[in-house]
Amino acid sequence: MRAFLKVHMKIAVIGGGITGLTAAYELSKLGHSVDILEASDQIGGLAAGFPLNGTSLEKTYHHIFLTDRDIIDLVKELGIEATLLWRPSSIGCYENGKIYPFGTVTSLLSYSPLLFLSRIRLGIVTFYLQKTSRWSRFIHVPAAEWMTRWCGKSVFEHLWKPLLIGKFHHFYNRVSMAWLWARIHTRGRSKTNIFAKEKLGYFQGGFAVLIDNLSKAAKKNGVTMHTHASVRSLRANDEGKVQVQTESDSTAYDRVIATIPSSVFAKLIDGDSHVSEKDIELLRSIDYLGAVCFVFTSTQSLAEQYWTNVLDAGLPFLVFVQHTRLIDPSMYGGEHVYYAGTYLPHDHSFFIQSEDHVCRIMLEGVQKMFPHFDTSAVRQTFLFRLKNAQHVVDTDYVRKIPPSLSRLPGVYLANFSQIFPEDRGTNFAVREGRKIAALVLNGLPVNG
Ligand SMILES: Cc1cc2nc3c(=O)[nH]c(=O)nc-3n(C[C@H](O)[C@H](O)[C@H](O)COP(=O)(O)OP(=O)(O)OC[C@H]3O[C@@H](n4cnc5c(N)ncnc54)[C@H](O)[C@@H]3O)c2cc1C
């Protein structure tokens with residue numbers, strides 16, 4: 001081992017999501033002293049769960065793909081591979097009051113809302129995007145423009161436009177084709193062949209199994225975890241260290257890794273003399289949307305598919321997930337578990353209105369989608385409203401990607417806005433957590 005790795009560092013990791021947990025775990029393996037500072041009341045970030053019928057369920061739908069090598073490696077390292085279940089997935093598209101099977105060659109050929117020629121065209125374009133790895137030429141091209149050109153206007157208006165609006169709201173026509181390429185490419189690689197059903201991974205006991213085991217391994221190495229510890233500012237101090245200010249405490253660290261959204265990071269470093277107005281502007285130029293997820297359980301089974309894309313702007317959600325089509329209801333005491341989710345700007349009324357009100361609107365949407373929906377069979381309802389859940393990957397995005405090493409000496413940034421062209425995900429959170437830990441170790445000579 002290189003000599004400089006023996007220098008002991010005191011490191012703060014801001015944010016206890018999967019990126020922060022992984023980085024803390026990696027650094028703790030080498031004996032560094034690591035504190036995780038997490039603003040909320042629990043560890044896990046966007047992948048955090050809540051107790052449901054004797055187990056844990058994520059606040060927002062989560063699964064992993066067969067291609068998610070980094071998270072699968074971590075699962076093996078933690079010795080919890082027996083808890084990772086691989087199950088065949090199924091997809092549908094809801095429109096005109098009906099759910100049409102989707103996502104396989106046969107379902108595409110029989111997808112009657114599109115003309116036969118349009119189905120063939122969509123199939124060829126999807127197949128091409130799944131196979132090609134030459135994505136850099138898509139970076140500055142709007143997905144809306146590319147898809148209209150190659151799939152045709154009717155396919156775009158019918159399928160891609162509602163999906164893009166559902167995910168990116170009013171930013172939809174600025175989204176980069178490189179982002180959409182990555183989504184289609186990854187999903188294609190999660191199948192063993194084009195006729196096979198996609199397989200998705202989920203933990204027996206939820207993602208809490210991964211979060212708890214990773215936390216346990218990190219704690220065993222001496223990592224301390226502080227919840228309700230919202231960091232307010234980061235400043236270089238006179239001793240060449242970083243002063244980390246929370247609501248109730250101010251501590252000096254040798255290194256700081258921030259795993260928080262870029263716009264939040266901008267607030268923390270704004271005002272330090274090393275940081276320019278331009279740095280702050282760049283961090284703030286990344287737009288984020290929030291996620292609103294309505295979760296309910298019922299004794300009634302509603303959908304044939306695990307995942308349904310909602311192509312009906314009249315419904316208040318973009319995706320409807322019958323989680324218990326992937327995982328057996330016996331894990332949840334025999335009840336079916338559902339998600340109805342959407343991405344919205346932070347000033348949308350769903351972030352302000354009462355929980356009861358939003359739940360009622362969501363339930364009305366479910367009723368519209370499934371006329372046979374029996375509300376008396378509903379057992380529990382939950383509403384989760386998460387800020388900074390998705391960043392907008394526009395055609396100018398490569399210019400905005402923030403560097404891992406900030407201008408403030410000793411302060412590093414690792415968050416999902418640096419992942420490109422892939423979409424954020426727990427797999428990439430593990431990858432970025434490992435990468436930033438390695439960078440902190442290799443950059444040690446700064447003060448060490
Ligand atoms: C609706 C939805 C569905 C998803 N589905 C999937 C899926 O199916 N599969 C998958 O792999 N991934 C999925 N993801 C993505 C996945 O959850 C994230 O990519 C991953 O959890 C990000 O981890 P992170 O640690 O980088 O960030 P985060 O989870 O955002 O963690 C950042 C942490 O920083 C904390 N924080 C913020 N500000 C401060 C501060 N000032 N001081 C201290 N702490 C602070 C936050 O509270 C948070 O806990 C989904 C996400 C959403 C929103």
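The legends below describe close-up views of a predicted model. Residues are numbered from 1 along each chain as its sequence is written. Because the model is predicted, local features need pLDDT of at least 70 and side-chain atom pairs count only at pLDDT 80 or more, while totals for chains, interfaces and linings use all residues.

**View 1. The seven-stranded sheet.** The order of the 7 strands in this open sheet is E8-E7-E16-E17-E18-E15-E19, with mixed pairing. Strands (E, at least two residues) and helices (H or I, at least four) are DSSP runs numbered from the N terminus, and two strands pair if DSSP finds at least two bridges between them. Strand E8 (98-102) and strand E19 (378-391) are the edge strands, each pairing on one side only. From one strand to the next, the twist averages 20 degrees. Axes here are lines fitted to C-alpha atoms, for helices over the stretch in contact, and angles run from 0 to 180 degrees between N-to-C directions. Helix H6 (residues 153-168) lies across E15, strand E16 (307-310), E18 and E19, and runs at about 85 degrees to E18.

**View 2. Strand E18 and its two partners.** Strand E18 (residues 336-344) pairs with strand E15 (residues 288-298) in the antiparallel sense over 9 bridges. In this pair, Phe296 stands opposite Tyr338 and Val295 opposite Tyr339. Strand E17 (residues 319-322) is joined to E18 by 4 bridges, also running antiparallel, and Val319 stands opposite Gly341. Is E18 buried or exposed? Of its 9 residues, 9 are buried, where buried means that 20 or more other C-beta atoms, placed from the backbone, lie within 10 Å of the residue's own. In a regular strand the side chains alternate between the two faces of the sheet. His336, Tyr338, Ala340, Thr342 and Leu344 are buried on one side of E18, and Val337, Tyr339, Gly341 and Tyr343 on the other.

**View 3. Helix H13.** The 17 residues of helix H13 (residues 426-442) should span 24 Å at 1.5 Å a residue, and the end C-alpha atoms are 24 Å apart, which agrees. The expected span is 1.5 Å times one less than the number of residues. Buried residues of H13 include Phe428, Val430, Ile436 and Val440. Among the elements covering the buried residues are strand E1 (10-14), helix H1 (18-29) and helix H2 (69-77).

**View 4. The shell around the ligand.** The ligand is surrounded by 36 residues, the closest being Gly15, Gly17, Gly45, Thr60 and Thr426. The shell divides into 17 nonpolar, 17 polar and 2 charged residues. Ala, Val, Leu, Ile, Met, Phe, Trp, Tyr, Cys and Pro count as nonpolar, Asp, Glu, Lys and Arg as charged, and the others, Gly among them, as polar.

View 5. His63 lies in the loop between strand E4 (55-58) and strand E5 (64-65). Why does His63 count as buried? His63 is buried because 26 other C-beta atoms lie within 10 Å. Leaving aside neighbours within four places in sequence, His63 is in contact with Leu200, Gly201, Tyr202 and Leu326, contact meaning that C-beta atoms placed from the backbone lie within 7 Å. The C-alpha atoms of His63 and Lys199, 136 residues apart along the chain, are separated by 9.9 Å.

Key: Contact = placed C-beta atoms within 7 Å. Buried ≥ 20, exposed ≤ 12 C-beta atoms within 10 Å, placed from the backbone. Near = placed C-beta within 6 Å.
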